Amino acid sequence: MLQQYFTTDYSADIAAALETPGGHLSLGRGGFILHYGYGAMLSGYDCDAIKTQSIAAGLPVIDSRCVAFDVVCN
């Protein structure tokens, strides 16, 4: 069985986002933004690790990386 390895533990930040009304994770071609607290944001480039941890915790995730580029920049 394969074990998952995360380079960074985002559990505390994800927990804060879960407690915040409207807290969510946005993923795009430029990285991620975790919206938590009142106006607080965490950004970075470790998209796959934070996405996996956020989904496991039940945090809403918006991943626009799968959208065709011409649709986004029309």
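Which residues does Leu42 touch, not counting residues up to four places away in sequence?

## Leu42 and strand 3

Leu42 touches Tyr10, Asp13, Phe32, Ile33, Leu34 and Tyr36, with residues up to four places away in sequence left out of the count. Leu42 itself belongs to strand 3, which covers residues 40-44. The model described here is a predicted one.

Leu42 has a relative accessible area of 23%. Buried residues have under 20% and exposed ones over 50%, so Leu42 counts as partly exposed. One of the residues that Leu42 touches is Asp13. Leu42 and Asp13 are 29 residues apart in sequence, while their C-alpha atoms are 8.2 Å apart in space.

## The chain as a whole

The chain contains 3 helices and 4 strands. Read from the N terminus, their order is α-β-β-β-α-β-α.

The chain has 74 residues, and 27% of them are buried. Its accessible surface is about 5100 Å², and carbon and sulfur atoms account for 58% of that area. Of the contacts between residues at least 6 apart in sequence, 50% join residues at least 24 apart.

## The nonpolar core

The largest nonpolar core consists of 11 residues: Tyr10, Ile14, Ala17, Leu25, Leu27, Phe32, Leu34, Tyr36, Cys47, Ile50 and Leu59. Helix 1, strand 1, strand 2 and helix 2 are the elements that each give two or more residues to this core. Strand 2 supplies the largest share, with 3 residues.

Ala17, in helix 1, is buried, with a relative accessible area of 1%. Ala17 touches Gly23, Leu34, His35, Tyr36 and Leu59. Between Ala17 and Tyr38 there are 9.7 Å in space, C-alpha to C-alpha, and the two are 21 residues apart in sequence. Leu59 touches Ile14, Ala17, Leu18, Gly23, His24, Leu25, Leu34 and Ser54.

## An aromatic pair

The structure has 1 aromatic pair. A pair of aromatic rings is described by the distance of the centres and the angle of the planes. The rings of Tyr10 and Phe32 have centres 5.7 Å apart and planes at 80°, so this pair is edge-to-face. Planes over 60 degrees apart fall in that class.

The pair links distant parts of the chain, with Tyr10 in the segment before helix 1 and Phe32 in strand 2, 22 residues apart. Tyr10 and Phe32 are both buried, and both are listed in the largest nonpolar core. Both are also touched by Leu42.

Helix 2 covers residues 47-57. Its buried residues are Cys47, Ala49, Ile50, Gln53 and Ser54. Seen down the helix axis, these buried residues fall within an arc of 165°, so they line one face of helix 2. An α-helix has 3.6 residues a turn, so residues three or four places apart point the same way. On the other side of helix 2, Asp48, Ile55 and Ala56 are exposed.

The cover over the buried residues of helix 2 includes helix 1 (11-19), strand 1 (24-28), strand 2 (31-36) and strand 4 (61-63). Ser54 gives an example from the buried face: its relative accessible area is 0%. Ser54 touches Ile14, Leu25, Leu59 and Val61, not counting residues up to four places away in sequence. Just after helix 2, Gly58 has a positive phi of about 90°.

## A buried threonine in a loop

Is Thr20 buried or exposed? Thr20 has a relative accessible area of 12%. Buried means under 20%, so Thr20 is buried. Thr20 sits in the loop that runs between helix 1 and strand 1.

The side chain of Thr20 reaches the backbone nitrogen of Gly37 at a distance of 3.0 Å. Leaving out residues up to four places away in sequence, Thr20 touches Tyr36 and Gly37. Tyr36 is also among the residues touched by Ala17 and by Leu42, and Tyr36 is one of the residues of the largest nonpolar core.

Technical notes: Residues are numbered from 1 along each chain as its sequence is written. This is a predicted model: local features need pLDDT of at least 70, side-chain atom pairs count only at pLDDT 80 or more; totals for chains, interfaces and linings use all residues. Side-chain values use heavy atoms; hydrogens and water are left out. Buried means under 20% relative accessible area, exposed over 50%, partly exposed in between (1.4 Å probe, protein chains only). Contact means heavy atoms within 4.5 Å. Accessible areas come from the Shrake-Rupley method with a 1.4 Å probe; for residues, only the protein chains shown count as cover. The arc is that of the directions from the helix axis to the C-beta atoms. Rings of Phe, Tyr and Trp (its six-membered ring) pair if their centres lie within 6.5 Å; planes under 30 degrees apart count as stacked, over 60 as edge-to-face and the rest as tilted. A polar contact is a pair of N or O atoms within 3.5 Å; within protein, one must be able to donate a hydrogen and the other to accept it, and residues adjacent in sequence count only if both atoms are side-chain atoms. A nonpolar core is a set of buried Ala, Val, Leu, Ile, Met, Phe, Trp, Tyr and Cys residues joined through side-chain atoms within 4.5 Å.
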